[in-house]
Amino acid sequence: MSSDDYKGRVILVYWLPAALWAALVLSVSGDAFSTAHSADWIGELIIRVVGHPLPPRQFDLLHFLVRKTAHLTGYFIAGALFFRAVRAGAAGWQRRWAMSAVALAAALAILDEWHQFFVPSRGGTPWDVMIDVAGAAIAQLVARFRG
């Protein structure tokens, strides 16, 4: 395999999934996934499952937890995909791969929250960046300690 073939394979197999996930993450940082819109579909889901709406305080707490869990999960996946991309098929775990993956996820999180700052129905927060980075870091711990 030539050097160009290898580079193309690395990009296609390892970096493309990470880039596609990053694009998905950025695509949900617009108005369509704002708190108001997610409240609508989460409320509908609760009615279908429970049979009635939750009291406002319970709903607000559940809605908050669902949204923050989505941050943690989305960036866990981003962190795992970035680790896979940085490692590019090599075996094992190295701290520099993990640190690079977390740094890439942090950059994505900052870009995501910066974008939300300019969307009227959204608001970028440093707290969400911290949740996002935590998700990416947890992915590195899983990669490190998985059997």
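Which element gives the largest share of the lining of the second largest pocket? I looked this up first. α3 does, with six residues.

**Ground rules.** I am working on a predicted model, where local features need pLDDT of at least 70, side-chain atom pairs count only at pLDDT 80 or more, and totals for chains, interfaces and linings use all residues. Residues are numbered from 1 along each chain as its sequence is written, and side-chain values use heavy atoms, with hydrogens and water left out. Helices are DSSP runs (H or I, at least four residues), numbered from the N terminus.

**Second largest pocket.** I noted a volume of about 160 Å³. A pocket here is an open set of points on a 1 Å grid over the protein atoms alone, where a 1.4 Å probe fits, with protein on both sides within 12 Å along at least five of seven lines; lining residues have an atom within 4 Å of a point. The volume is the space filled by probe spheres set on the points, which are joined across faces, edges and corners. α3 and α5 (126-145) each give two or more residues to this lining. Among the lining residues I listed Phe76, Phe83, Arg87, Gln140 and Arg146. The lining divides into six nonpolar, two polar and three charged residues. Ala, Val, Leu, Ile, Met, Phe, Trp, Tyr, Cys and Pro count as nonpolar, Asp, Glu, Lys and Arg as charged, and the others, Gly among them, as polar.

**α3 against α5.** I then checked how these two helices pack. Their angle is about 45°, and their axes lie 7 Å apart. Axes are lines fitted to C-alpha atoms over the stretch in contact, and angles run from 0 to 180 degrees between N-to-C directions. On the contact list (heavy atoms within 4.5 Å), α3 residues include Tyr75, Phe76 and Phe83, and α5 residues include Ile131, Ile138 and Val142. I counted 12 nonpolar, four polar and three charged residues there.

**Largest pocket.** This one holds about 460 Å³. It has 20 lining residues, with Val28, Phe33, Arg67, Ala70 and His71 nearest its centre. α3 gives the most here, with eight residues. The lining splits into 11 nonpolar, six polar and three charged.

**α2 against α3.** I found an angle of about 110° and axes 10 Å apart. That makes α2 roughly perpendicular to α3. Ile42 and Ile46 are among the α2 residues in the contact, and Phe59 and Arg67 among those of α3. The contact has six nonpolar, four polar and one charged residue.

Definitions and conventions. Parallel < 35°, antiparallel > 145°, perpendicular 65-115°, else oblique.
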